[in-house]
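Please keep the sequence and the coordinates at hand while reading.

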Amino acid sequence: MYEISLSVTIPVFNEAENISPLTERLNTALAGWGKPVEIVFIDDGSTDRTLDLLKEAQARDPRIRIGHFRRNLGQTAAIAAGFRLARGEAVVTLDGDLQNDPAEIPRLAAMLKEWDVVCGVRVERRDGIVKRLSSRIANGFRNWATGDNIVDTGCTLKAFRRSCLERLELYNGMHRFLPTLLKMRGYRVTQVPVSHHPRLLGKTKYGTLGRLFKTLPDVWAVRWMKKNCIDFRNVFEVLEQADAQEIMGEYKVDR
């Protein structure tokens with residue numbers, strides 16, 4: 001059994017303006033959970049006051065844990081570090097810009113009773129037309145290339161059973177393919193609509209075109225992995241010692 005019921009992991013990079021309102025909304029969202037909770041922030045080498053404000057929030061709330069990169073390593077590294085630090089039976093990820101709604105956390109975590117992974121699908125996205133269009137193109141291309149059906153892989157709001165994340169290795173850019181990678185390992189993945197809000201404070205940290213072009217080689221890497229994945233679950237059986245003795249008994253010869 002896990003001592004912590006739920007871990008909420010949040011990668012942040014230069015989000016000083018959002019730390020205070022985010023922690024307040026997390027407190028409200030998790031007030032009715034009723035079991036031990038931890039909130040894991042991963043500071044991805046911020047150069048503003050993000051780390052200082054996280055430390056102040058931690059002093060007020062002992063549930064907060066902080067991981068800090070001394071330099072910026074990117075979103076995949078921050079998500080992987082959050083998985084490494086998380087101690088909860090359920091692990092929920094969300095962005096630190098308040099476009100993901102913390103109020104969705106309990107609903108997604110509760111769905112892990114029936115599923116191994118729950119992926120949010122942003123409905124009525126509150127982003128600009130260029131970002132929405134590029135995201136739709138990227139998702140369509142990823143699904144075509146990998147043979148998958150993930151509607152909104154760019155939505156950070158996801159819930160995982162802790163067991164899914166054990167021994168999981170991520171490489172730069174691979175956070176976008178988490179549902180596909182986990183489905184390849186035999187885990188049950190579902191998708192649910194979630195709310196989405198406009199960014200009110202701070203600026204987005206990832207350029208639309210740069211992100212789109214960077215994803216291309218990652219898509220072919222995942223396509224290769226999926227094509228060459230070794231999956232013998234349906235044709236493999238283990239003969240334990242008792243089975244072996246029974247088999248030997250059937251062919252015993254009296255001397």
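Predicted model: local features only at pLDDT ≥ 70, side-chain atom pairs only at ≥ 80, totals over all residues.

Beyond residues up to four places away in sequence, arginine 63 touches Asn27, Leu30, Val37, Glu38 and Ile39. With asparagine 27 there is a polar contact between the two side chains, at 2.5 Å. The C-alpha atom of arginine 63 also lies 9.7 Å from that of serine 7, although the two residues are 56 residues apart along the chain.

## Nonpolar cores

The largest nonpolar core has 30 residues, and those that touch the most other members are Leu6, Val8, Ile10, Leu26, Phe41 and Ile105. Two or more residues each come from β1 (4-12), α1 (16-30), β2 (37-43), α2 (50-60), β4 (88-93), α4 (105-110) and β7 (189-194), and the largest share, five residues, is given by α1. Another core lies apart from this one and consists of 18 residues, including Cys119, Leu170, Phe177 and Val189.

When neighbours within four places in sequence are left aside, isoleucine 105 is in contact with Leu6, Val8, Leu26, Leu30, Val92 and Leu94.

## Two buried polar residues

Serine 46 is found in the loop between β2 and α2 and is buried, with a relative accessible area of 14%. Its side chain makes a polar contact with the side chain of aspartate 43 at 2.4 Å, while a polar atom of the serine 46 side chain lies 2.8 Å from the backbone nitrogen of asparagine 14. Apart from neighbours within four places in sequence, serine 46 is in contact with Val12, Phe13 and Asn14.

Lysine 158 belongs to strand β6 (residues 158-161) and counts as buried, at 4% relative accessibility. Not counting residues up to four places away in sequence, lysine 158 touches Val91, Val92, Thr93, Leu108, Val118, Cys119, Gly120, Thr153 and Pro179.

## Salt bridges

The structure holds eight salt bridges. In one of them, arginine 161 pairs with aspartate 116, with the closest N and O atoms 3.7 Å apart; since arginine 161 lies in strand β6 and aspartate 116 in the loop between α4 and β5 (117-122), the pair ties together parts that are 45 residues apart in sequence. Aspartate 116 is buried, with a relative accessible area of 8%, whereas arginine 161 is partly exposed at 25% relative accessibility.

Aspartate 116 also meets the side chain of arginine 188 in a salt bridge, at 3.2 Å from N to O. Here arginine 188 lies in the loop between α7 (178-184) and β7 and aspartate 116 in the loop between α4 and β5, so this pair joins parts that are 72 residues apart in sequence. Arginine 188 counts as partly exposed, at 38% relative accessibility. Elsewhere, salt bridges with shared partners join Glu38, Arg65 and Arg87 into one network.

Arginine 49 and glutamate 56 form a further salt bridge, their closest N and O atoms being 3.6 Å apart. Arginine 49 is partly exposed at 45% relative accessibility, and glutamate 56 is partly exposed at 38%.

## A nonpolar surface patch

On the surface, Val235, Phe236 and Val238 form a nonpolar patch with about 340 Å² of accessible area together. Valine 235 is located in the loop between α8 (208-227) and α9 (241-250), and this residue is exposed, with a relative accessible area of 72%.

How values were computed. Residues numbered from 1 in each chain as written. Heavy atoms only, no water. Core = buried A, V, L, I, M, F, W, Y, C linked by side-chain atoms within 4.5 Å. Buried < 20%, exposed > 50% of the residue type's maximum accessible area, 1.4 Å probe, protein only. Helix = DSSP H or I, 4+ residues; strand = E, 2+ residues; numbered from the N terminus. Contact = heavy atoms within 4.5 Å. Polar contact = N/O pair within 3.5 Å; in protein donor to acceptor, adjacent residues only side chain to side chain. Patch = residues over 30% accessible without salt bridge, like charges linked within 9 Å, V, L, I, M, F, W, Y side chains within 5 Å. Areas by Shrake-Rupley, 256 points an atom, 1.4 Å probe, with all protein chains shown as cover. Salt bridge = Lys/Arg side-chain N within 4 Å of Asp/Glu carboxyl O.
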